[in-house]
Amino acid sequence: MKIDFREFFMKNPLLVLTPEDIGSSAREFISVYGSYMREVAIVGKRASGYATYASRTAPVEQEHTQMFEEWLDLSSKLKVKTVVAMDFYTDRWFAKDPKYQTISAKGQAVPHQICPNREEFWQYGAEIVKEIGSYPVDEILVFGTGFIRDRFCFCERCRQEFAPRVGQEPERLSYEFLVENPDHHQTWHDWRVDKVTQGIAQLQAAAREADDVVERSEPLRLTIEVPIDPQMGLLEGAKNENGLDPSRIFDVTKSVIINLYPWTPVLPRKGTPEYDHLMEALYFVKEFKRRGGTVTLYRWGVSVPEKLDEVWAIARDAEIDRVAVSFRFPEDYAARRESALGDV
Ligand SMILES: [Zn+2]
């Protein structure tokens, strides 16, 4: 994949770069493109669970740690805003332990996603935020947040904790039982939003601790991914399927990154009903910003600059001032799409 970096930088997005995008030397990349760089993100922890920096907590891709440090060091010296991306609940390494895997209503364990109801894992994520925050970093993009969909999580722990709230025996709790009673279903949604928000709050507390260790002009910002996809019900889907409610996230980090159509390849055209539905779903942006929050519109798999223009056009219509893109799809895209949309 040959990327025309210069043309991308001219269009002013936040580029989310993997070590592979940057190549072997941060110094070389920055000596060529540094004058175009205003803010750039580098992936610090992948969906595989591996860190690209010298983590003491997560498993490490040793071949990238030196580049990671050099990248942040040179960027901050050039006054380029430094951003690091990390995956949270999507963590294939940690999910090798069946104890932490999230489980569907059909009892199927997902080998790449952690149950969002595990305090130990929140602690793990918090350690990683502290580690990343010990570098000269302005912001962390937190991807892989939330539940996979409404049919999660039916692990032992979630059943035990949730079933009494709807007067059911844990072992008899089923998805059908939840959806046939709208009150039960609402209780399910609210409980899941609470769980995800608590997990994010742990990361936020860790970011504040990281502020005490390193001097930063502004506090370390955590920006939380909220997927908005027509096949998942757009904003309602983010709340009810994923447990991600922007108004609740506002109370914690004040910053969201909307993953635009993560599971849908074609963006809607202006003037179509689908476009209007998307604009309605993004209406919350105005209120979010008015209260002092920041919103970023993100799309993955944008490898040609013309595709970036499409994202910018939607951002402008929705009054979103910042666009982020990555060139590639996640390495486990097919498996993640299947667990989000397939028959699990
Ligand atoms: Zn669970």
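Leaving aside its neighbours within four places in sequence, which residues is A41 in contact with? They are L14, L15, V16, L17, V83, V84, A85, L141 and A324, where contact requires that the C-beta atoms of two residues, placed from the backbone, lie within 7 Å.

The model is predicted; local features need pLDDT of at least 70, side-chain atom pairs count only at pLDDT 80 or more, and totals for chains, interfaces and linings use all residues. Residues are numbered from 1 along each chain as its sequence is written.

A41 also has a place in the largest nonpolar core, which holds 92 residues; V16, A41 and I140 touch the most other members. Helix α8 (residues 182-213) gives this core its largest share, 7 residues. A nonpolar core here is a set of buried Ala, Val, Leu, Ile, Met, Phe, Trp, Tyr and Cys residues joined through C-beta atoms within 7 Å. A residue is buried if 20 or more other C-beta atoms lie within 10 Å of its own, exposed if 12 or fewer, and partly exposed in between, with C-beta atoms placed from the backbone. By that count, 43% of the 344 residues in the protein chain are buried.

Next comes the chain as a whole. Its secondary structure comprises 14 helices and 10 strands; helices (H or I, at least four residues) and strands (E, at least two) are DSSP runs, numbered from the N terminus. The C-alpha atoms fill a box of roughly 60 × 50 × 40 Å along the principal axes. The radius of gyration of the protein chain is 20 Å, which agrees with the value near 20 Å for a compact globule of 344 residues. That radius is taken over C-alpha atoms, and the globule rule is 2.2 Å times the number of residues to the power 0.38. Among contacts between residues at least 6 apart in sequence, 74% join residues at least 24 apart.

Helix α8 also takes part in a helix pair. Two packed helices are described by the angle between their axes and the distance between the axes. Helix α5 (residues 119-133) and α8 pack at an angle of about 30°, with their axes 8 Å apart. This makes α5 roughly parallel to α8. The contact is made by W122, Q123, G125, A126, V129, K130 and G133 of α5, and by G199, Q202, L203, A205, A206, A207, E209 and A210 of α8. The axes are lines fitted to C-alpha atoms, for helices over the stretch in contact, and angles run from 0 to 180 degrees between N-to-C directions. Angles under 35 degrees count as roughly parallel, over 145 as roughly antiparallel, 65 to 115 as roughly perpendicular and the rest as oblique. α5 passes α8 in a right-handed crossing; a crossing is right-handed if the near helix is turned clockwise from the far one by less than a right angle, and left-handed if anticlockwise.

I3 lies in the segment before α1 and counts as partly exposed, with 15 C-beta neighbours inside 10 Å. Beyond its neighbours within four places in sequence, I3 is in contact with F8, D21, S303 and F327. R6 is in helix α1 (residues 5-10) and is exposed, with 11 other C-beta atoms within 10 Å. R6 and G167 are 161 residues apart in sequence and 59 Å apart in space, C-alpha to C-alpha.

Towards the other end, F329 is in the loop between β10 and α14 (333-341). F329 is partly exposed, with 15 other C-beta atoms within 10 Å. With neighbours within four places in sequence left aside, F329 is in contact with W300 and G301. F329 and S255 are 74 residues apart along the chain, and their C-alpha atoms are separated by 23 Å.

Some backbone details remain. The peptide bond from F152 to C153 is cis, with omega near 5°, and C153 lies in the loop between β6 (139-143) and α6 (156-162). K79, in the loop between α4 (62-77) and β3 (81-87), has phi near 65°, a positive value in a residue other than glycine. K79 is exposed, with 9 other C-beta atoms within 10 Å. E319, in the loop between α13 (305-317) and β10 (322-325), likewise has a positive phi, near 60°. E319 is exposed, with 12 other C-beta atoms within 10 Å.
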